[in-house]
Every structure is written in C-alpha cells, then in structure tokens.
Amino acid sequence: VKKRTKSFERHQYQRFKRIGNTGWRKSKGIDSRVRRRFKGTIPQPSIGYGSDKNTRNLLPNGFYKFLVHNPKELEMLLMHNRKYCAEIAHNVSSKTRKLIVERASQLSIKVTNAVAKLRVEESA
C-alpha cells in the first residue's frame, strides 16, 4: 500500500520546454520558495512518504519479485514459493523462457511474465 502514487514534479517544469517533465530535481536557488517550503508550493519528496516496512516492495498480487535468468535459479525459490514469485529477465531467449516456465510449474512457482516473448504457432 503506497502513500503516494503520483510522481513529484520538478519546480516550474511547465514553464520551460527544455526541462520537460524529467522527474524530480531539488530546488537550489537562494530565494527559492519551494526550497524554503512556503505554503502553497509543490510538495517535495521526504522520508515521510516512505512505504510501510511490512508492505515495501510487495507486488499487488502479494508476492515479492525475484529475477530469474535460467531454470537453475528457480531452485532457490523452492521453499519460498508462497512468498516470492519469479520474473524472467528481459534478455532471456524464448527457448530458455519455455524451460523456465515449464520448471516453475513443476515446482509450483508463480511466474509474473510467463507469456512474454512466447510465440504461438498458427495451425493452418
């Protein structure tokens, strides 16, 4: 459960096209209203926005993510398949992906991106 899902905007990013919405940057000007935290200015990131320790890094499905590159790495999740789910890394070939998904089903490990990069052959 996140306290804030909206991203923090950079001060005056709407004013200059060269800045764009590049993400948060701290205001460093000596007279900056945002840095001095005047009333009515944009919110700044602070430690108070942090997630609860119990639910931090928890996916919406209730599992923690574990990155997997080959079928052998699934063995680590053997005892933890109720708490962790596997996610296949982006640079794994489709051949290895099939092996990983197959092995995960044997070990009853949930794979978040099981159908990614798997082509289904059309029967004519």
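I looked up Y49 and found it partly exposed, at 32% relative accessibility; buried means under 20% relative accessible area, exposed over 50%, and partly exposed in between (1.4 Å probe, protein chains only). The model is predicted: local features need pLDDT of at least 70, side-chain atom pairs count only at pLDDT 80 or more, and totals for chains, interfaces and linings use all residues. I number residues from 1 along each chain as its sequence is written, and side-chain values use heavy atoms, without hydrogens and water.

I then listed aromatic pairs and got two. The rule takes rings of Phe, Tyr and Trp (its six-membered ring) with centres within 6.5 Å; planes under 30 degrees apart count as stacked, over 60 as edge-to-face and the rest as tilted. F8 and Y49 pair edge-to-face, 5.0 Å centre to centre with 70° between the planes. F8 and Y49 are 41 residues apart, and each sits in the segment before β1. I noted F8 as buried, with a relative accessible area of 16%.

Y64 and Y84 form a tilted pair, at 5.6 Å centre to centre and 40° between the planes. I placed Y64 in strand β1 and Y84 in strand β2 (residues 84–88), 20 residues apart; strands are DSSP runs of E, at least two residues, numbered from the N terminus. Y64 is buried at 18% relative accessibility, while Y84 is partly exposed with a relative accessible area of 30%.

Last, I checked K28. K28 lies in the segment before β1 (64–68) and is exposed, with a relative accessible area of 71%.

Technical notes. Helix = DSSP H or I, 4+ residues; strand = E, 2+ residues; numbered from the N terminus.
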